[in-house]
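Hi,

Here is the structure I promised to pass on. Have a look at it first, and my notes on what turned up follow below.

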Amino acid sequence: MTSSDEKAGQPWNPQRQRSANERLLLGRLRAGGAASRAQLARETGLSKPTVSSALAALEQSGLVRESGTHTPERGRAAVLYTPDPAAGYALGIDIGREWLRVALADLDGTVVTRTDVRNRARTSGSMADLAVDTAHQLVETSGVPAHKITQAVVGTPGVYDEETRRVRYAQHLPGWGRAGLFDRIREGLGVPTTVQNDANLAALGEYTYGAGAGSRLFVYIMIGTGLGMGIVSEGRLFTGAHGGAGEIGFLPWPDRRKNTLEDAVSADAVVEAARAHGMSGELTAKGVFDAARAKDPAAVRAVEVEGERLAHAVAAIAAVLDPDLVVLGGGVGHSADLLLRTVRRTLRDRTPLRPKVVPSRLGEDAVLLGAVATALDAARDVAFERR
């Protein structure tokens, strides 16, 4: 009989087979929860001796542990096994214009500790150093051994270019596209580190932990200082040929005073609309939404304008991607409760394509949790390979 390894051009190897069996059982335990040896044998098709041997190896390497017993109506009690979440850890970092957020999660995806600090850095270099220093402080106070942290993911505005190792299109973080910044972060963290667009990570966060769970194809629109979008199809992030898929802020806007969609749908646009309708003084988008909740007529109209423009963006997205769900997030998106009525009404008037539009469930944690979820995949693989 010819083995699958031999068919693939690789000679059959007992060690490779044992590794495959261990990975199969670990994957089943992660997906289906605690199980006994007999249950694992039934569900995987492996023999009971093979399951016992693989579990013993996984337990010895610290990847699984006993988690109790199950006593059936007939027969002896069976030991239950579950993955050990402390076998490794993942680090998520969200670098924003105003806040830096860092979280440490175990292999179950549980955030064991986190910190949020004001981003008071005045230069791109000091911002990179702040990210590294904050992460180190978090790890030191967590009690987690540094060698158990096997992957970090950094969320940032803009599009990260792997070839040049620089960020493009991060115009709201001056100097953030300078060469060497992310090499500096990687070296400072001392663990494998990948860099992802913040809206993309927020979309993954919502898919894993929030409103996008179970969706076939959904988009996350991040509305704040800038405007971006993450696209998740069948659980996978879609980034396009060069990583720029979802950069909807660059779409042209049919107004001479506003060149792009970002100019029309963003925090600054909300403030501009409020001034145009009579509000004065020192204004912020948050202040405008707070005033709209208090029924200030100018603020209410400004929020309606934002909702109408946002609906224009959703209509365009629906025509191109046909998502079953649109999630609104970011600083402005956090006020989706005030925007949704206008968005839905405007969509009914403008297009027959009307995806479900809902607010983010994760709020300002979407990027951070997306970074954690992304880092977990690699962290689990590394923990297994190190066994």
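A quick word on terms before the rings: I call two rings of Phe, Tyr or Trp (for Trp, its six-membered ring) a pair if their centres lie within 6.5 Å. Used that way, the term gives one aromatic cluster here, formed by Tyr160, Trp176 and Phe182. Keep in mind that this is a predicted model.

The structure holds four aromatic pairs. Tyr169 and Phe250 make an edge-to-face one, with 5.2 Å from centre to centre and 70 degrees between the planes. That pair links distant parts of the chain, as its two residues are 81 residues apart. Tyr169 sits in the loop between β9 (166-168) and α6 (181-189), and Phe250 in the loop between β13 (236-238) and β14 (252-255).

Tyr207 and Phe218 are a stacked pair, with centres 6.4 Å apart and planes at 15 degrees. Tyr207 belongs to helix α7 (residues 198-209) and Phe218 to strand β11 (residues 217-223), so this pair ties together parts that are eleven residues apart in sequence. As for accessibility, Phe218 is buried at 0%, while Tyr207 comes out as partly exposed at 25%.

Next, helix α9 (residues 267-276). Which of its residues are buried? They are Ala267, Ala269, Val270, Val271, Ala273 and Ala274. As a reminder, an α-helix has 3.6 residues a turn, so residues three or four places apart point the same way. The cover over the buried residues of α9 includes α8 (261-264), α10 (285-293), α11 (297-321) and α12 (330-333). Just after α9, Gly278 takes a positive phi of about 110 degrees.

The largest pocket has about 1,300 Å³ of space. It is lined by 48 residues, and the closest to its centre are Gly224, Thr225, Gly226, Gly330 and Gly331. By class, the lining of this pocket has 19 nonpolar, 17 polar and twelve charged residues.

Cheers

Technical notes: Residues numbered from 1 in each chain as written. Predicted model: local features only at pLDDT ≥ 70, side-chain atom pairs only at ≥ 80, totals over all residues. Heavy atoms only, no water. 1 Å grid on protein atoms, 1.4 Å probe; cavity = no way out; pocket = protein on both sides within 12 Å on 5 of 7 lines; lining within 4 Å. Points joined across faces, edges and corners; volume = space filled by probe spheres on them. Nonpolar A, V, L, I, M, F, W, Y, C, P; charged D, E, K, R; others polar. Phe/Tyr/Trp six-rings, centres within 6.5 Å; stacked < 30°, edge-to-face > 60°. Helix = DSSP H or I, 4+ residues; strand = E, 2+ residues; numbered from the N terminus. Buried < 20%, exposed > 50% of the residue type's maximum accessible area, 1.4 Å probe, protein only. Contact = heavy atoms within 4.5 Å.
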